[in-house]
Amino acid sequence: MATGERGVVFPVEGDRRSTSATGRGVVADALRPVDPVGASAAQRETNWRSGYLTHFRRLVEAGLPSYGDARSIAEAGLASVHERMRWSPDGTDDLPLTAAVGGSAGAPTGLVGTEVLAGQGEPDTALTIPYHGRRLAGDDLRRRLDAWVEAGVVEPSLREAVTAVLENPDWLRLEGRTVVVLGAAAEMGPLRSLLRWGATVAAVDLPRPDLWSRLLADTRPLAGRLLVPARAGDGDVAQRAGLDLLHDLPVATAWVTGLEDHLVLGNYVYADGATNVRVSTAVDALSGAVTAARSDAALSFLATPTDVFAVPPEAVAAATEAYASRRTSKVLRVPLRTLSGGRLLRRNYVPGEDPGLNDSVVLQQGPNYLLAKRIQRWRATAARAAGTTVSFKVAPPTRTRSVVKNRALAAAYSGAHRFGVEVFEPGTANTLMAALLVHDLQARPAALDHPWQDEAYAAAHGGLWRTAYDPRSALGLAALLGAASAR
């Protein structure tokens, strides 16, 4: 049935494209190989928009018994996404996703040229990270890493990774690699840091002249080489640049596949609502096609900290100690929990859990947001198991535009420090994440014994994993305190 919507689209269910039916089906399919009871429960969920969290949490729990279980969930989930989501080039026919990336959609036309823009600056030869109005380098940066670890804001393995980059500044240029930044204008993306360090970056973002004008103006003084997909012509590059991954997927796949040097595909895309699932699916289809054609390609992802993660026993122990020692625990916890029916200030973990399960999901973000991010986690697990180099990092809570436009979430972030959570500024977060990408590409740490351990490695969760309280049980109070301080 035609609906007029083009590009990567949800399948038609009845007389419409149903995001809930698709999400419910994908989660059930992912669980089915290892947890048929959980799969049946997900499939029977009658109110997906409010009942989704139990099933996304089960996706993590069901994968914990073994590496094989986690891999099976990831591969079954990806297979379901690719079987269900469709490619509609003209809004009239729904085709399999493979039609967009496998050659049957026709030869790419139009946006096939590459503009090469050489930076005008000298490359930074040492790692520096902006923090509270300063750029931290050398021993100052080491002290900040120590402070973050001591405060429980990052995992200790992050300090080790960033220190390795500090001690090997020649890593920063990423010689012999082209980093494809999908979502080039994203606040959390590494584009500016990589160009500052002298790397070669292929930038993919929407064909919007205002976006490209800002991006090109910002990056022209930097040192690296910028590759831009653009229509042929002699006019301003900003007027001709850009690829819409939702609608130009065949062109984007062909353009990325044809780039020189060893490729790194970095997924930094974001959109609101159901479009987030569509664009995540598009990126996953592109990534699968490129890695199949280019065995040298590596993958990079940033995970949201507001998800469900298995965490190390050291994080559980730190949260348990914080719960026992906080003054608010002793003075306010009992009356607040009584008045709230047990919903406020619950402990973060059962003492002794190994691994613990951290649930920092913000319910207002909804099931489409979690599904879009879960597709990325699944791809990281499946690709790593297949031998692909993968950089997957939990990024810290950050005051990005998409966060601060949500008044409730912005207020919660303003009050988060009262519960041991540090919210980062975008410049600090994206530079830190870029340094971790450099580490993973250059040091190439070996895969760990279980995918949850790979996800937890060098995580910058902002303190959500080590805070005394279950994050959602403190979110409302953080928002109240944050709103009050703002006033």
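Predicted model: local features only at pLDDT ≥ 70, side-chain atom pairs only at ≥ 80, totals over all residues.
**Exercise 1.** Locate D359, decide whether D359 is buried or exposed, and find which side chains it joins in polar contacts.

*Solution.* 
- Step 1: Find the element. D359 sits in strand β15, residues 356-359.
- Step 2: Check the accessibility. Buried means under 20% relative accessible area. D359 has 6%, so D359 counts as buried.
- Step 3: Look for polar partners. The side chain of D359 has a polar contact of 3.4 Å with that of R57. Another polar contact, of 2.9 Å, links the side chains of D359 and R472.

**Exercise 2.** Describe the salt bridge between E425 and R399.

*Solution.* 
- Step 1: Take the distance. The closest N and O atoms of E425 and R399 are 3.0 Å apart.
- Step 2: E425 lies in the loop between α18 and α19, and R399 in the loop between β16 and α17, so the pair ties together parts 26 residues apart in sequence.
- Step 3: E425 is partly exposed at 40%. R399 is also partly exposed, at 31%.

**Exercise 3.** What lines the second largest pocket, and which residues lie nearest its centre?

*Solution.* 
- Step 1: Note the space. The second largest pocket holds about 300 Å³.
- Step 2: Count the lining. There are 16 lining residues, with R384, V390, P445, A446 and A447 nearest the centre.
- Step 3: Sort by class. The lining has seven nonpolar, four polar and five charged residues.
- Step 4: Find the main contributor. Strand β16 (residues 390-394) gives the largest share, four residues.

Key:
Residues numbered from 1 in each chain as written. Heavy atoms only, no water. Helix = DSSP H or I, 4+ residues; strand = E, 2+ residues; numbered from the N terminus. Buried < 20%, exposed > 50% of the residue type's maximum accessible area, 1.4 Å probe, protein only. Polar contact = N/O pair within 3.5 Å; in protein donor to acceptor, adjacent residues only side chain to side chain. 1 Å grid on protein atoms, 1.4 Å probe; cavity = no way out; pocket = protein on both sides within 12 Å on 5 of 7 lines; lining within 4 Å. Points joined across faces, edges and corners; volume = space filled by probe spheres on them. Nonpolar A, V, L, I, M, F, W, Y, C, P; charged D, E, K, R; others polar. Salt bridge = Lys/Arg side-chain N within 4 Å of Asp/Glu carboxyl O.
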